[in-house]
Amino acid sequence: MMTSSYFVPPSGLAFSAPSSFSVKHPSRCLFNSSPIICHCVRVENDLGFVLHDALDASGGDTRHARAAREAFCSQIERLSSIERETSIVINRGVDLGKAALHIAAEDDALVSHSSVPLPVDAFLERLDDLSMGFCPLYFPPAGSSPEVFLSNLERYFYVHHRFRRADPIQSDTRPLYLHSVLTRRSGSAAMLSLIYSEMLKLLRLWGFMDFDAEIYYPLDAVNLPRGYHKQKSKVSDDIHILTSESLLVEILKNLKHAFWPFPNDNAKSLFLRAAQAANCIKGPTMGKGSLDSYNNMSGLEVASAKAAQHRLGRGVWTSVRFGDMRCALAACERLILLGFDSHELRDYGVLLYHCGFYKESLQYLKLYLAGKDCAEQMLPASTAVIETDALEKLMVRLELILIGEGWGHPPAASRNFLGKYSEPW
């Protein structure tokens, strides 16, 4: 059993103390009822999340956001090692519909400033009603094969109710949120798979299904999620089957990519895009005197880069077209809570750097380094070298900044996206 003290961020905000915990795997984060504490191995101090407290300090009201995060944690606490690998159609330990709605509720509270929380229960009822509507309209005759049952269900879902697939863009992220998909009937492949699986689970629970089914999750950008009889599945289908863990990771990574507050560049990872904005990698930079580096860039890319630099210089952390720092941080924090990939620690750390939380940024980057060897195994060699170099430069910069603060000299370009501006315009 580990016990340790808790650090206080530069803003002077204290984090709530957690209950006892234990750590069994270096890349896993365990959590309790506290919505903002993440416990990780091989760290002298427990690391607290920054987002909610920083927004409170800037005059925001995070009561609804905190409640939604706590509700999300109450769901993922049920993710045992077995539950993590259980198919979304079979899983009963975690209510994936509730988890997705609590994700939406937190982001809605962060962005909308509404005085009332997102009505999660009302959307859960809508999800139940969607399942119930299948029986009187499309329930197959007695003795029908599983293939007929699933064909009718797909006709009910995709034809009768006209649910369709829509890949999100930064100006419209509604396809990534369950409540919006239920309302607009247009969503990402992950959201359609979630709704499809919830219908199958409820129909099975009510006794209308007497066979095992799976959902074929498309890996392309065109096809729709579809059900199939599990007994007739093939080994090649395994890569298309979502587990409870992989579905939640897919949902959160989609949000993280959509809200990442730096210009799109499919050739670079999210971390490298943030590192480039911090001038920690070679190539086109965002600062003055860098016009020569734009020679090989399109006009739109140049404009995007300059716009990003302008926002960074002013401390603006969100815009209509270039993501939202609040939602990006929230997605990172929830991914860290899931403990799926240690790269999330690094990505969260670089966001904290851009927000001006230098001490916390360095601590998360050091935590990432503790499991770096395992993380790098998933990257191409060339990419790993570039990212390692960018990480080293960023950490050296953070060390120098913190040394300067220790000498009583605050950094000249200190930026706190979460406190200087309440809105992007």
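**View 1. Arginine 334 in helix H13 of a predicted model.** Arginine 334 is buried, at a relative accessible area of 0%; buried denotes under 20% relative accessible area, exposed over 50%, and partly exposed the range in between (1.4 Å probe, protein chains only). Helix H13, spanning residues 325–338, contains this arginine; helices (H or I, at least four residues) and strands (E, at least two) are DSSP runs numbered from the N terminus. Leaving aside residues up to four places away in sequence, arginine 334 touches Arg69, Phe72, Ile103, Glu106, Asp107, Leu252 and Leu255, a contact being heavy atoms within 4.5 Å. The model is predicted, so local features need pLDDT of at least 70 and side-chain atom pairs count only at pLDDT 80 or more, whereas totals for chains, interfaces and linings use all residues. Residues are numbered from 1 along each chain as its sequence is written, and side-chain values use heavy atoms, with hydrogens and water left out.

**View 2. Phenylalanine 357 in the loop between helices H14 and H15.** The loop joins H14 (343–355) to H15 (358–370). Phenylalanine 357 is buried, with a relative accessible area of 3%.

**View 3. Glutamate 125 in helix H5.** Helix H5 covers residues 120–132. Glutamate 125 is exposed, its relative accessible area being 52%.

**View 4. The protein as a whole.** The protein has 17 helices and six strands. Of its 425 residues, 54% are buried. Among contacts between residues at least 6 apart in sequence, 66% join residues at least 24 apart.
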